[in-house]
Amino acid sequence: MDITTQSPAPPAPADRPTPAQQKRAARGATRPGDRIFLGLSRGSGILLLVIMAAIAVFLTYRASLVLSKNEGNFLTTFEWNATATPPVFGIAVLAFGTIVTSVIAMLIAVPVAVGIALFLTHYAPKKLSGTIAYVIDLLAAVPSIVYGLWGALFLVPHMQGLFSWLDDYFGWTGIFEYQGGAPRTLLTVGILLAIMILPIITNVSREVFRQAPLMHQEAALALGATRWEVIRMSVIPFGRSGVISASMLGLGRALGETMAVATVLSPDFLIHASLLDPGGGTFAQNIAAKFSEANDQGRDALIASGLVLFVITLLVNGAARLIIARRKEYSGANA
């Protein structure tokens, strides 16, 4: 007698919620903890926007009080005499000095920081990597005034040799022409700022590179790639948006650095063709130097310059966000 064995029918798959149902469930959080966390997160975001708007309104209002009295062109005047009657002041020198020193700092710090981060994550032994990372963390905790004192007492006297070398080989360009004098220049400030922002960029870049997918690296090695090829094809593309974010953090500190710049730079209100000529100024340095001796009108003028720095910072961060948004394929969330 034939016995036909029939296998039991497979159980019906459980109904899964649709994406629309998942979104409704996320919006309609029912647990008290979820509601509290949602409220705190939303409130923090709104509070941040309110604070930013309040700062912008305050700066704009105080700046408008003095700009209407200014006898000079606020954008092009090479003078700062905001306490006179009538006031004459402009930000041409301050904007030039701020941008030049920040660009110099970024050109020096970003490649060095990325190189250190790659060395610590993919080349250095674990013990050596931990020691170097600890020292870099200590550098990030050093106060600005300490950097400024070090720059004035050690860095400035030792820049003579570098300036002479630049003048010998690149003085023909005019940008590196050195005519003597104390090297309290925009180039010295840029180098000091590069040292100051190096720990920030290094630490963030190091953490980003550590998150690079291990499977991607092992696959590249299995295909015969060298260690550098693995870094170039897998690690750097993955961490590119993180490096950009780290660079923007460093740039933010370079743009707003005050005491270190004020300690090292010999300020004047001239734009020098050579980066090795003493003089120049930055927004933050000028505010720190002039604020204590300024009257109400002079303080409003300094606030007006602070408004320009505020706008520059917003534009820089907005540009960074656009760069990252256009390279979503390199974000860690999509790896």
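Is E207 buried, partly exposed or exposed? At 35% relative accessibility, E207 counts as partly exposed. The cut-offs: buried is under 20% relative accessible area, exposed is over 50%, and partly exposed is in between, with a 1.4 Å probe and protein chains only.

Ground rules, quickly. This is a predicted model, where local features need pLDDT of at least 70, side-chain atom pairs count only at pLDDT 80 or more, and totals for chains, interfaces and linings use all residues. Residues are numbered from 1 along each chain as its sequence is written, and side-chain values use heavy atoms, with hydrogens and water left out.

Confidence next. pLDDT is the predictor's confidence in each residue, from 0 to 100. The protein averages 85. At least 70 is reached by 88% of the residues. Helices here are DSSP runs of H or I with at least four residues, strands are runs of E with at least two, and both are numbered from the N terminus. Among the elements, helix α1 (residues 19-27) has the lowest mean pLDDT, at 60. The highest belongs to α3, at 93. Treat residues 330-335 separately: pLDDT stays under 50 there. For that stretch the model has 9 contacts beyond four places in sequence, a contact being heavy atoms within 4.5 Å.

Now salt bridges. Side chains of opposite charge can pair when their charged atoms come close. The criterion is a side-chain nitrogen of Lys or Arg within 4 Å of a carboxyl oxygen of Asp or Glu. The whole structure has 5 of them.

Start with D300 and R62. Their closest N and O atoms are 2.6 Å apart. D300 lies in helix α12 (residues 296-325) and R62 in helix α2 (residues 32-67), so this pair ties together parts that are 238 residues apart in sequence. D300 is buried, at 9% relative accessible area. R62 is partly exposed, at 23%.

The closest N and O atoms are 3.4 Å apart. Both residues lie in helix α12, 3 residues apart, about one turn of the helix. R299 is partly exposed at 27%, while D296 is exposed at 57%. Elsewhere, salt bridges that share partners join R206, E207 and R210 into one network.

Back to E207, then. It forms a salt bridge with R206, with the closest N and O atoms 3.4 Å apart. R206 is buried, at 7% relative accessible area.

On to helix α3, residues 92-122. T101 sits in this helix. What does its side chain reach? The backbone oxygen of T98, at 3.1 Å. T101 is buried, with 1% relative accessibility. Leaving aside neighbours within four places in sequence, T101 is in contact with L186, V189, G190, L193 and T282.

V112 is partly exposed, at 41% relative accessible area.

Last item: the backbone. Most peptide bonds are trans. Which bond is cis? The one joining T85 and P86, with omega about 0 degrees. P86 lies in the loop between β1 (80-81) and β2 (88-89).

Definitions and conventions: Polar contact = N/O pair within 3.5 Å; in protein donor to acceptor, adjacent residues only side chain to side chain.
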